[in-house]
Amino acid sequence: MPKALISVTDKTGAVELAHTLINNGYDVLSTGGTGRLLKENGIPVLEIAQYTGSPEMFGGRVKTLHPRVFGGILGRPDLDEKEFQSHALEPISIVVVNLYQFSKTIRETNTTRAQAIEEIDIGGVSLIRAAAKNQEHVLVIVDPNDYHNVSERISAGQVDAAFRESMAAKAFRHTAAYDAEIARYLSSNEKFPERLTLTYERDAVMRYGENPHQDAAYYRDPSRHREIDQLQGKAMSYNNIADTDAALQCLSGLTESACVIVKHANPCGIAIGNSLLDAYTKAFRTDPTSAFGGIVAFNQELDATTLEHVLDNQFAEVIAAPSVDESVPSIAKRKKALRLLTVSNDRSSANSLSVNSVGNGALVQDLDTADLSDAEWSVLTERAPSMDEERDLRFAWHVVKHVKSNAIVFVHDRMTIGIGAGQPNRVISVRIASLRMKEEDLGKSGCVMASDAFFPFRDGIDYAAEAGVTAIIQPAGSIRDDEVITACNDHGMAMVATGIRHFRH
């Protein structure tokens, strides 16, 4: 009789699959916990230890690593018949294996290194690779989600070469991802190892990518600890996900009631208010035109009053918050296409990396998590900022880090009133921010300005003074810093240097 080996950590669906195999004439070999489960459900099982004549050893570390098992998987019945006979081997034509839950273990709090190491599967990976290598003769199954399809194919006699090849490819992806996660864990003290192994899990295939002619899919990084729950609305698009991520990054670190509206990966308005409604109202005023079709995100539980105001006030593609009160989902149904999300804080390691594809490779760097501390606060001008200016400067510095370079942000009362983004010329960014401020009638004498990098000339300062800016925060470090500082003193402005640059390309 043909033989199938079942040895799984995730036992979902294993009993049902085993019934199918038995009903189609297979003998089932199994190990430990899987074998006990199958026996408890009335399935005749031949224990691996009995089959090989070798007991499990070292607390179960050695179970399947035996020539009778691997010979049965790797042997080719059409070419190796004599060796099968001479070594008393029998072909194993189906291998159903999934691995110790290494990923789950390392994500649990207080997991020790020894506990993590113990969850590195050896025999399971070897079984999968052996079966996948001999795909011409062996069907390998690693995902419980495939059991139903496999059962139907076995029952209908439709396990052909193409199907075995596709399952083998999936098996190698499975072991590659598993090994990549182990390598990542063991390389935690090596920021940039000689080989960077990353693994992502497909979450969705999308209608299209950044543009309709581009195919796209969304993959999750299993090492990230952020829970996202879509409560209603159409499927998230490529651009929805990119812009929502930009919005969440922009809110990160803000504890008071805050709202950000993002369009094309740039904030078009962000504010801190006395309430979420106040924060949204201020953020929306920055640029109502760009806010249309944007992503609206909050850093606190979304209440019904705020949601109703947003829906009455603008068209939003996505609204995201850490949580929503019980009345919000029914209100959101007014706009059936609206994507309403709850998003938990990301509890991932602060050592996470940013990876960007370029040409024939990737650029990898630390995430820009640098923030402003008192130790980096250096007043360069004759006048120091007032308390109100300092409060706005600190907020503006938080915002400018999340705006595409060259980035300029005008702020008043912890509300963006003008944003200049993505210009190759910093002076143009200042002029755009000033223009947007005037167009929305938000001009304020006493507003502050943040720049993501230093000013190479005084012209940017002169334009800012003309727009009503009275205090500036920037990294400094230009060979013309003296010229820039003199310009500030000429206009009676305060300037603070941070020593930190926040380019964002």
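**Salt bridges and an open sheet**

Arg436 and Asp287 join their side chains in a salt bridge, with N and O 2.6 Å apart. Arg436 belongs to helix α17 (residues 426–439) and Asp287 to the loop between α12 (276–286) and α13 (288–291), so this pair ties together parts 149 residues apart in sequence. Both Arg436 and Asp287 are buried.

This is a predicted model, in which local features need pLDDT of at least 70 and side-chain atom pairs count only at pLDDT 80 or more, whereas totals for chains, interfaces and linings use all residues. Residues are numbered from 1 along each chain as its sequence is written, and side-chain values use heavy atoms, with hydrogens and water left out.

A salt bridge here is a side-chain nitrogen of Lys or Arg within 4 Å of a carboxyl oxygen of Asp or Glu; the count comes to 24. Buried means under 20% relative accessible area, exposed over 50%, and partly exposed in between (1.4 Å probe, protein chains only).

Helix α17 also holds Arg426, whose partner Asp452 lies in the loop between β19 (447–451) and α18 (459–467). Helices (H or I, at least four residues) and strands (E, at least two) are DSSP runs, numbered from the N terminus.

Which residues form a network of salt bridges? Lys3, Asp27, Arg68 and Glu90 do.

Finally, five strands form an open, parallel sheet in the order β3-β2-β1-β4-β5, where pairing requires at least two DSSP bridges between two strands. Its edge strands are β3 (46–47) and β5 (139–141).
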